[in-house]
Amino acid sequence: MAAEDGSHLWLRLPAGAQAQVSAPRSSPTLDIAVSELQQAWKGAPVQLIVKKDKQLQPEGFRIQRKDGRIVLASPTETGLLYAAYHLLRLQETGRCTTGSPFSAPDFQLTENPAYSLRILNHWDNLNRTVERGYAGQSLWNWEELPDTLSGRYEAYARANASIGINGKVLNNVNASPKILSAGYLQKVKALADIFRPYGLRVYLSVNFASPMILDSLSTADPLDKEVIRWWKNKVKEIYRIIPDFGGFLVKANSEGQPGPCDFGRTHAEGANMLADALKPYKGIVMWRAFVYSPSDADRAKQAYLEFKPLDGQFRSNVIVQVKNGPIDFQPREPYSPLFGAMQHTPLMAEFQVTQEYLGHSNHIAYLAPMWKEFFELVPPASLKAIAGVANIGTDTNWCGHTFAQANWYAFGRLAWQPSLSSEDIAGEWLAQTFQPLGNETGSRLKKMMLDSREAVVNYMMPLGLHHIFAWGHHYGPEPWCIIPGARPDWLPSYYHRADKQGIGFDRSSKGSNAVAQYPEALAKQYGNIDTCPEEYLLWFHHVPWTYRMKNGRNLWDELCYRYDSGVRQVREFQKVWDAAEKYIDAERFREVQSHLRIQARDAVWWKDACLLYFQKFSGMPIPYDIERPVHSLKDLQEVHLPISNFECPTEELLNRNR
Ligand code: GCW
């Protein structure tokens, strides 16, 4: 089997198929669609038609068999490009074979995206480091742009178009004001020009203090006339250069970023000022709700406390972007209660595709099940758009780990259609990413993917534990972490609250009462220790070590078994992967195998660290049928990973806040 380096992602399409393809005209977008099909489509002649259709949204499409031809129809060229990729996906996942529904003479399928905005957020800095990026440097070579254009820019656009992603925020939400300088806007334009034929719009993260930093204004107060004029002019300048520019993403008054509150104004006043500047050009503002201002309140309550009172005050071209959970992209969180609470404000969900809290690019953690869990409680139709923090960098395989590609893929597919199942998406991805796997191996690998996120939850923080990560890099365990002078809500003990009696954060009505931010029925369910789902138990309750779980075990024993089961799951993944060797090319086989070794070691590290540390409080033995710790707590407490290896520019900021 030929070695593969993973650079082709899920687009390992055949070449030289010489399909007959006709299009109504030549255009940058249609030319791509035609050429992709000519190269790779192995079936009947294809005809592309641009036409309005009541059942089709602008980017929707229909694929139909008609008089021996395959007709792709859409109101837009981008929709036709999506149709072309969809047709190839059907072929590559074995859904076009004789006897399949596709082969019927009256075959027809219609696809419409659930959201018109399906956006990747890059946390890329202008010096090419990537905040929480684990796949090399930033793809955007700012130094060389706009003169030198890496071939990867187009490959990136193509990969996104193939899964329906239609926008990207190029730079980190911890935004350098420099991105809005005239020189950088030319670089942004060069990228926008490459992305445009693939239906991808460019957005930028902006620093709210830009007028002060770039042009020495004395204030960035959103109600100040000079400031308003500055933004209007800047927006005009941007649209002159990039006529289809998408808009701004803003992180304001959060983790040291400037914002309207610095000038005594609200988030709504800040967002609206930018929205007014963008409105004439149909641009939008995505205003993040990831805030936790210093207050006594439980951090899980803070975004709600700050944003709920502003409901209804935002302009119509503002979308408030809310992380899926109330804290911060943990391996498992209940959904953020802001969803459902902001009835008069368009909201978008922010998922994290990059695995900041799920083993970086070392661990397999297929995230579709996590996002589906979110959609079970937050109806997709209640959202205006979807964003995902990208896991992409300069690594040859784009994402650092072959299986991390599946998260990029799954994000795109779910942003297009949240009703797709995790299982189907995993199946699609496997079929396109590897050579034919055979039924048994295919289903074992699929099961491995489907179990993988739960395995991470088990060996990192089961039963609703959260944020017990090591300081700064968020890779390993550090439930004991104490940093003199640090904000309490950045320290693990704030979240696990382990003591002689028990463990967990009491968010019931007797504690912080965070449960009251949820709809009544859920508040009741979560707020009662006996009805709270066990996966959220320690999120909402401080639970005695001897508390009896549903399976009859006491809490301490159950915690031990959960950690242990996480370790055993990863060992199982190793077996499944090794057994698949004959189906996988050598290069990717070895890459995943070695990553699984790291994952297995890390799982034991997590288990030993957490159990030995929490045992100091419970004073109870680790059940004797569980593999004994192989580390000592003392040794584990001395592990300090160099944060610089993890490309975390916020470290400087974090240090300042210590
Ligand atoms: O999770 C935290 C991360 C920061 C990030 C921040 C945010 C971009 O640790 O690195 O900063 O969230 O989402 O703004």
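Predicted model: local features only at pLDDT ≥ 70, side-chain atom pairs only at ≥ 80, totals over all residues.

**Exercise 1.** Which residues in H12 meet which residues in H17?

Residues are numbered from 1 along each chain as its sequence is written, and side-chain values use heavy atoms, with hydrogens and water left out.

Step 1. Find the helices: H12 covers residues 439-460 and H17 covers residues 586-618. Helices (H or I, at least four residues) and strands (E, at least two) are DSSP runs, numbered from the N terminus.

Step 2. List the contacts (heavy atoms within 4.5 Å). On the H12 side are Val456, Tyr459 and Met460, and they meet Gln599, Ala603, Trp606, Lys607 and Cys610 in H17.

Step 3. Sort by class: the contact of H12 with H17 has six nonpolar, one polar and one charged residues. Here Ala, Val, Leu, Ile, Met, Phe, Trp, Tyr, Cys and Pro count as nonpolar, Asp, Glu, Lys and Arg as charged, and the others, Gly among them, as polar.

**Exercise 2.** Find the residue that caps the N-terminal end of H16.

Step 1. Locate H16, which spans residues 555-579 and has 25 residues.

Step 2. Describe the peptide bond from Leu145 to Pro146 and the phi of Lys282.

Step 1. Recall that most residues other than glycine have a negative phi, and most peptide bonds are trans.

Step 2. The bond from Leu145 to Pro146 is cis, with omega near 0 degrees. Pro146 sits in the loop between strand E6 (118-121) and helix H3 (151-162).

Step 3. Lys282 is not a glycine, yet has a positive phi of about 65 degrees. Its place is the loop between helix H7 (267-278) and strand E10 (284-288).

Methods. Axes fitted to C-alpha atoms, helices over the stretch in contact; angles between N-to-C directions. Expected span 1.5 Å × (residues − 1). Polar contact = N/O pair within 3.5 Å; in protein donor to acceptor, adjacent residues only side chain to side chain.
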